[in-house]
Amino acid sequence: MKRALVFAILALGIGAGAARAPGAQIGIGPYAGYNAALIQQDTGNGAVFGVRAPIALAPMITIEPYYASSSLGDVDEEFGGLSYTRSGFDMKTFGATAIIGSILTEGFKFYPFAGIGSYQMERTGSEDIKETGFNFGFGFSVPAGAKIHVQARGGMDMIVTEDTSRKFANGTIGITYTLMSGE
Amino acid sequence: MKNLRWIIPALLLVFGAPGCVLVSGQFLIDFDLDTFDASTDTAVTRADVDLTTEDDYNDHKEDLKGLADVAVLGKITNSGSADIGVEVWMTGGPTTYTTPTEVTTNGTKLWGPFNLGAGVTKQVAWDESAGLFSEVGKALLINEIKGDGQFTIYAIGNAGTYQFNVDNGVLALAIEFGK
């Protein structure tokens, strides 16, 4: 809970700071995609949905608070000739991602990103996992109108769980609407 | 390209951090408990578990970090005339207790009660089973998994007299490993 509060305050702080900064660019938009559980035999893959708000504080850096929700698939196994199903996790995440460059300016952009977030995973019969995680990957930003960009990203989420981790490869596509162009 | 210089040390930091490298994960191992009867008319039913007979366990034993998920599975029939709660108890070492009192006095409750009405047959659901583990039992199980992988489990009823049968019993473990 403390960690969640810290992340929330951090995200609000960044947003408030950016809103006052001269020339700051702010956008917002939904995205969707697919999470593939890596080396995890006790949970499946699933769709991911979220919203993110890129804030270009300077020409070279964009900070992007985000929220995402993913419903991971069940695991079906047969033991002793009987079929069993283990429910997959429901995963909720919020945090902030750092992007090199601005994804709200004109033109096609290719960019790397890396971020940190608070991850919560829960399912029936298991203790909730509430841990800090990291995400990183690469993305493309393609203009699709005066204030709209299409964002396509591929990356990885890694949630540290004491001595090991849970990892997900993911691909997402979304749109970003520019609320404040900084002009 | 100059702007991407930061990403190499950042990725090295993430991949190199203890316990969060790419080579870690959750592996599913199942240990057959087979089919057995349990009754207060006979000695307590037990299973001597030896995880070192499982290839997946041996392959990752040196890198074991914990237990991500665990379940007792199978189809259980309450063949007695009273409602019962089926329980699984365990001892860290090899033991040969013969009565429920010996088991509950000296052992640690691992799982249950799985409640069954008289004459009812029910397949244990994986989700339900995972929620029936006691914290103390799970801690002991983790300790044994990280240790020699050998322990004894007992199946008993929580009623004064009981009679039940387990078909195709399985102990399913999702074990965490990391380099």
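The model is predicted. Its largest nonpolar core has 48 residues, and the contact between the chains takes 28 residues from chain A and 36 residues from chain B.

**Nonpolar cores**
- Within the largest core, the members that touch the most other members are Leu73(B), Val88(B), Trp89(B), Leu110(B), Ile153(B), Tyr154(B) and Ala172(B).
- Elements of chain B that each supply at least two residues of this core include strand S1 (24-39), strand S3 (64-78), helix H5 (135-146) and strand S8 (163-178), and the largest share, 9 residues, comes from S8(B).
- Leaving aside residues up to four places away in sequence, Ile153(B) touches Arg46(B), Ala47(B), Val49(B), Val88(B), Trp89(B), Met90(B) and Leu110(B).
- Another core, of 10 residues, lies apart from the largest one, and among its members are Ala37(A), Met91(A), Tyr119(A) and Ile159(A).

**A sheet of chain B**
- Four strands form an open sheet in the order S1-S8-S3-S6 (chain B), with antiparallel pairing; S1 and strand S6 (121-123) of chain B each have a single partner strand, so one side of each is left without a neighbour in the sheet.
- Neighbouring strands of this sheet are turned by 20° against each other on average, direction ignored.
- S3(B) and S8(B) run antiparallel and are joined by 12 bridges, and Asn78(B) stands opposite Phe164(B) in S8(B).
- H5(B) lies across S3 and S8 of chain B, running at about 115° to S3(B).

**The side of chain A that touches chain B**
- S6(A) gives the largest share of this side, 4 residues.
- The residues of this side divide into 12 nonpolar, 11 polar and 5 charged.

Technical notes:
Residues are numbered from 1 along each chain as its sequence is written. Chains are lettered from A and ligands numbered from 1 in the order in which they are written. This is a predicted model: local features need pLDDT of at least 70, side-chain atom pairs count only at pLDDT 80 or more; totals for chains, interfaces and linings use all residues. A nonpolar core is a set of buried Ala, Val, Leu, Ile, Met, Phe, Trp, Tyr and Cys residues joined through C-beta atoms within 7 Å. A residue is buried if 20 or more other C-beta atoms lie within 10 Å of its own, exposed if 12 or fewer, and partly exposed in between; C-beta atoms are placed from the backbone. Two residues are in contact if their C-beta atoms, placed from the backbone, lie within 7 Å. Ala, Val, Leu, Ile, Met, Phe, Trp, Tyr, Cys and Pro count as nonpolar, Asp, Glu, Lys and Arg as charged, and the others, Gly among them, as polar. Two strands pair if DSSP finds at least two bridges between them. Axes are lines fitted to C-alpha atoms, for helices over the stretch in contact, and angles run from 0 to 180 degrees between N-to-C directions.
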